[in-house]
Every structure is written in C-alpha cells, then in structure tokens.
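Subject: Structure handover and notes

Hello,

Here is the structure we talked about handing over. My notes on it come after the model itself.

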Amino acid sequence: MTQPDDLLLSDAERLHALTALGDHYAAGRLDDPEFHARSGDVAAARTLAQLDGAFRDLPGGVPLTSVDGLIVRSATAGGGEMTVSSSSYSSGPPTPALRDADADLADLRKRGKLVESLDGVVIGLTLITFLVLQIVVDWQYAWIVWPSLIVTLGLPRLVLRYSDSDEKTYEKIKKADQQAREDRLRAATERIRELGDGRETRG
C-alpha cells in the first residue's frame with residue numbers, strides 16, 4: 001500500500017504549492033535566493049514528501065496533506081506581516097539599538113493602524129448622525145456635526161500621542177511596505193510563470 005508521503009503530485013497540486021511559497025516570499029519570509037531555490041525544488045518535486053524541505057520552517061507547513069489516500073489542498077499560507085524572531089538573525093541576537101528601533105517601528109505601525117481604524121469609525125458615525133439629524137429629525141443645523149470632526153478626529157491622536165510627524169512617517173512606511181510587497185508579488189508571479197507547472201523541470 002502506498003504511504004501517504006509517497007503519493008504522487010499532480011501539476012495542479014504542484015502549482016498550488018508554488019503559489020503558497022510565493023505568498024511567503026511576498027510576505028517577506030524568504031529572500032530572493034531562498035525563494036528561487038525552494039521554488040525550483042517545489043517545481044521538481046514528484047511526491048508529497050519531497051515538498052517538506054521547501055516548507056520546513058514556514059508557518060502552516062506544506063499546503064497539501066494526505067487524507068484517506070487523497071492529496072487535499074489547504075488554504076494558501078503566507079499572508080500577513082513579517083515578524084522579527086530570534087531565527088531572523090544569523091550572527092547572534094540583535095543589539096539593544098536594533099531592538100529599540102524595531103520596537104519603535106512596530107509601535108508606530110500599531111498606533112498608525114489604530115488611528116486609521118478610529119478615523120473610519122468617527123467619520124462613519126458622523127455621517128450617520130448628520131443623515132439622522134438632516135433627514136429624520138429635519139434639523140436645519142445638522143451641518144454642525146462636520147466641524148466637530150476636527151475635535152473627534154484629534155482625540156485618538158491625543159490619547160495615542162500620535163503627532164503629525166508620526167503620521168507622516170507612518171504614511172512613508174506604509175507606502176514603502178506596500179511597494180516592497182508589490183515588488184515581491186511581481187517577482188513571485190514571474191518565477192512561478194517561469195517554472196510553469198513543473199513539467200519543464202521534470203522533463
């Protein structure tokens with residue numbers, strides 16, 4: 001009887017694994033050489049077991065599993081932000097200065113995202129209040145809720161100590177993160193297209 005790990009992969013299953021690996025690359029978990037090497041291994045894999053090496057240290061593991069003699073796809077893994085762990089440093093633990101810089105950036109990202117979320121809530125509630133006062137209550141001074149946005153939008157920034165400088169820095173970081181992710185996604189797509197479904201490598 002065929003062992004689960006010895007089950008042969010189809011082209012579609014191999015492509016699914018390549019796509020999952022591309023997502024990890026786009027999320028920043030793999031650098032260029034690692035992605036190119038691992039994607040080549042995935043494209044050349046013949047069995048389920050041969051995928052283990054490419055996903056051994058990635059969250060979620062191999063995005064395929066065997067169930068009752070069948071190969072089943074799991075949700076494509078790899079999304080989300082890159083987190084810093086001890087394994088991220090090849091030459092020992094980070095210095096205090098690096099830890100402080102990483103902590104500051106993480107804190108700024110957290111506060112920036114929270115302020116963005118609160119802004120959306122405040123604007124939404126203000127719009128609902130305006131519509132209720134204008135249409136339901138028919139109050140001619142309903143427009144007064146809009147100037148109040150200056151105060152309500154400023155409160156989260158005051159509480160979170162989120163200055164104009166922080167906001168500008170956060171916007172730059174967000175744009176840089178987005179650009180880097182787009183670049184990695186483009187590179188991953190090109191690599192997957194280059195490898196195709198793996199038939200050329202196995203040919």
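The notes below cover conventions, a helix, salt bridges, a loop residue and a helix pair.

This is a predicted model, in which local features need pLDDT of at least 70 and side-chain atom pairs count only at pLDDT 80 or more, while totals for chains, interfaces and linings use all residues. Residues are numbered from 1 along each chain as its sequence is written, and side-chain values use heavy atoms, with hydrogens and water left out.

Helix α1

Helices are DSSP runs of H or I with at least four residues, numbered from the N terminus. Helix α1 covers residues 11–26, and its end C-alpha atoms are 22 Å apart; this agrees with the 22 Å that its 16 residues should span at 1.5 Å a residue. The expected span is 1.5 Å times one less than the number of residues.

Buried is used for residues under 20% relative accessible area, exposed for those over 50%, and partly exposed for those in between (1.4 Å probe, protein chains only). The buried residues of α1 include Leu18, Leu21, Tyr25, Glu13 and Arg14. Just after α1, glycine 28 has a positive phi of about 95°.

Salt bridges

The structure holds 11 salt bridges, each being a side-chain nitrogen of Lys or Arg within 4 Å of a carboxyl oxygen of Asp or Glu. Some of them are described here.

Glutamate 116 pairs with lysine 174, with the closest N and O atoms 2.4 Å apart.

Glutamate 167 forms a salt bridge with arginine 157, and here the closest N and O atoms are 3.4 Å apart. Because glutamate 167 lies in α6 and arginine 157 in helix α5 (residues 149–159), the pair ties together parts that are 10 residues apart in sequence. Glutamate 167 is partly exposed at 25% relative accessibility, whereas arginine 157 is buried at 17%.

Arginine 191 and glutamate 194 meet in a salt bridge with an N to O distance of 2.7 Å. They are three residues apart in helix α6, which means that about one helical turn separates them. Arginine 191 is buried, with a relative accessible area of 10%, but glutamate 194 is exposed at 53%.

Salt bridges also link Asp107, Arg111 and Asp166 in a network.

Threonine 47

The loop between α2 (32–44) and α3 (52–55) contains threonine 47, which is buried at 14% relative accessibility. Leaving out residues up to four places away in sequence, threonine 47 touches Asp5, Asp6, Leu7, Leu8 and Leu9; contact means heavy atoms within 4.5 Å.

Packing of α2 and α6

The axes of α2 and α6 come within 11 Å and cross at roughly 35°. Axes are lines fitted to C-alpha atoms, for helices over the stretch in contact, with angles from 0 to 180 degrees between N-to-C directions. The contact is made by Phe35, His36, Ser39, Gly40 and Ala43 of α2 and by Ala187, Ala188, Arg191 and Leu195 of α6.

Regards

Conventions
Helices (H or I, at least four residues) and strands (E, at least two) are DSSP runs, numbered from the N terminus.
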